[in-house]
Every structure is written in structure tokens, then in C-alpha cells.
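Here's a quick tour for anyone meeting this structure for the first time. Have a look at the picture, then read on.

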Amino acid sequence: MTFYTRLHPNTLNTRSILILAIALLFLSGCASTPVNDQEITAEEINIDPYEDFNRSMHGFNDSVDDYVMGPITNAYKFVTPDLFQIGVSNFFTNLGNVTVVLNDVLQGKAQQGAEDTGRFLINSTIGVFGLFDVASELGLEQNQEDFGQTLAVWGVPTGAYLVMPFLGPTTFRGLPATAVDLATNPVTYVGLPAVQAAALVNTRASADGALKFIDDVALDPYIYTREAYLQWRNHLATDGDPDAEADPFADFEDELFEDEDLYEVEVKLDQNVDNNEQDVTQLQDNTELAEDFLELKPAEIVENTDSIDIETIE
């Protein structure tokens, strides 16, 4: 059994749900998919060039979980009532919403940012520092945003798949995003070891059931976790839209510059009008010159031939 976490409570909305998503995304697919087929898929997109290293880190994380985090989590779940566990989970999730709101803004999601801000304020006050999820009862659902998704929206490529010691699965894009997520999470600045430990155990406890599911159904837990992780991160980056463009920021650009095409048409029309006015002016000049020429007498025509611009008349 592998323990995956970014060592801060905001991962409750990404890593734990990621593992839970494995059951949802692959219950009828990956569990029965041959390992060779999955390996070919990964090789085709060259997403896992460091597989040997990643597998060794996967095994290391398994050992840490089996001998350290697993027993601690089991003891925590055994001695604490469910209501207490729910309150702790709500508390750390609420603090993680600071990161969510920040990334709402960075992704240009103004309405969602306002809703997530309201959710944070309601749960921090009426919900007694986030212990009770009052906002959900009022229709403000919990959203999942982190800096890895923001980088995806900005067009930063995913990069190679990585498995880091203690941190678990990530990518070249996700690794620096982890540092930003840590920096924006209030729990990072709490110096009390008990709070840090509680955040860590809470994250692991939230993923317990899904981790057991992996061990029970996966022919190759490493491949299984990798494919689930990459699809889950893509699901988050595209807001669950399977038909989303490779550049999610394109929608924001379309909204920001929705009148750009109309503006270009207006510019072209103005240019055509200017050209037509110039043609009319030139035609008037040519007409006046022709009329003057016709009014001349034969002798005057000969005298004035040299002064007439034949090209202009033409």
C-alpha cells in the first residue's frame, strides 16, 4: 500500500480525491486492462521516461506507508469517533480554500473565486473555524484548484511523470507547483508540530479506503496509479470537460476579446470607405480635366498638349 501526500492539508482535495477517483475511473477499465497495453500507452506519449527511478520511489513510499503511516492512521481511526474525524477533515479543507481562492483569481475564474471566498468566510465564522461545513448546506460546493492547474491553464506543458519520496506522484509541472501550494497554505506557517502531524494523518486517513482498493484490484499498482493520476490531473485542469482544448486559457481569451472579430471587420470597412473616397476624388479630377480639354479650341489644344498629363486622363 502506497502513501501519497504533499505533506500539507490542501492535498485533501487533490491527492485523496485522486486516489478515490481511481475506483471511479478504472473500475471497469484499468482493473481488467493488460499491463502491456498500459505500458505501450505511456511509452507512446513518452510521459514516463524515468520509470526505473519512479518504480523505486514507489516501492520506497510503499514501505513508509506499510511500516509508519499505515499503522498510525489505523490507530487514529480506531481511537477517534467519526464525528471528530469529519471535523478535523473540514478544518484542514477550509484552510486549504485560501489556496483555492488564490488560484481561482490566477485562472480568471471571477465568479468561482467569489463563491469560494464566501465559502471560506462562512465556514470560518458560522462553521466554527471550519469544523462544520455550513457552506455546503447553503449550496456553496467545495472546488478544487491548485497552482498545478493554474500552470496548465497558462499553457505550461505537463512534462514527465515523476514519483518523489514521501510526496508521491507528480510531474515536471506539478513539482514546482507543490512549493507554491505549500507557500499559500496557512498550515505551513503553523509552528506547532501537533498541527502538522494532524494534517498529515488526516490526509492519509482520507485516502485509506481508496489505497486498499488499489492493492485489491490492480495487476500492477505502479501502472494503475500512474494512469489514474495523469487522467485525474487532466480532469482537474479541464474542469471535467472531455472535449476541452489543449489550451484551457483559450476560453478566457475568447471571452476577453469576444468583440475582436467585429472590430477587425469595422477596420476593413473603414479602409474600404477611404479607398472609395480616394477613387471618387480621382475621378472628379479626371472629369474636370477632360471638360477643360474639350472646351479648348484647336489651336489651344496644340499649344496646351505638352501641359496635359495624358496618364492622368487615362
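Leaving aside neighbours within four places in sequence, which residues is Thr-73 in contact with? They are Val-201, Arg-204 and Ala-205. Keep in mind that you're looking at a predicted model.

Thr-73 sits in helix H3, which covers residues 51-79. Its relative accessible area is 0%, so Thr-73 counts as buried, the cut-off being under 20%.

Now turn to Val-201, one of those partners. Skipping neighbours within four places in sequence, Val-201 is in contact with Met-69, Ile-72, Thr-73 and Tyr-76. Val-201 also belongs to the largest nonpolar core, a set of nine residues. Met-69, Tyr-76 and Ala-205 are in that core too, along with Val-88, Phe-92, Leu-95, Val-187 and Ala-199.

Next stop: Gly-159, in the loop between helix H7 (147-153) and strand S1 (161-164). Not counting residues up to four places away in sequence, Gly-159 touches Ile-47, Thr-171 and Phe-172. Thr-171 is 12 residues from Gly-159 along the chain, and their C-alpha atoms are separated by 5.9 Å.

Here are the two residues we started from, side by side:

| Residue | Relative accessibility | Class |
|---|---|---|
| Thr-73 | 0% | buried |
| Gly-159 | 30% | partly exposed |

How values were computed:
Residues are numbered from 1 along each chain as its sequence is written. This is a predicted model: local features need pLDDT of at least 70, side-chain atom pairs count only at pLDDT 80 or more; totals for chains, interfaces and linings use all residues. Side-chain values use heavy atoms; hydrogens and water are left out. Helices (H or I, at least four residues) and strands (E, at least two) are DSSP runs, numbered from the N terminus. Buried means under 20% relative accessible area, exposed over 50%, partly exposed in between (1.4 Å probe, protein chains only). Contact means heavy atoms within 4.5 Å. A nonpolar core is a set of buried Ala, Val, Leu, Ile, Met, Phe, Trp, Tyr and Cys residues joined through side-chain atoms within 4.5 Å.
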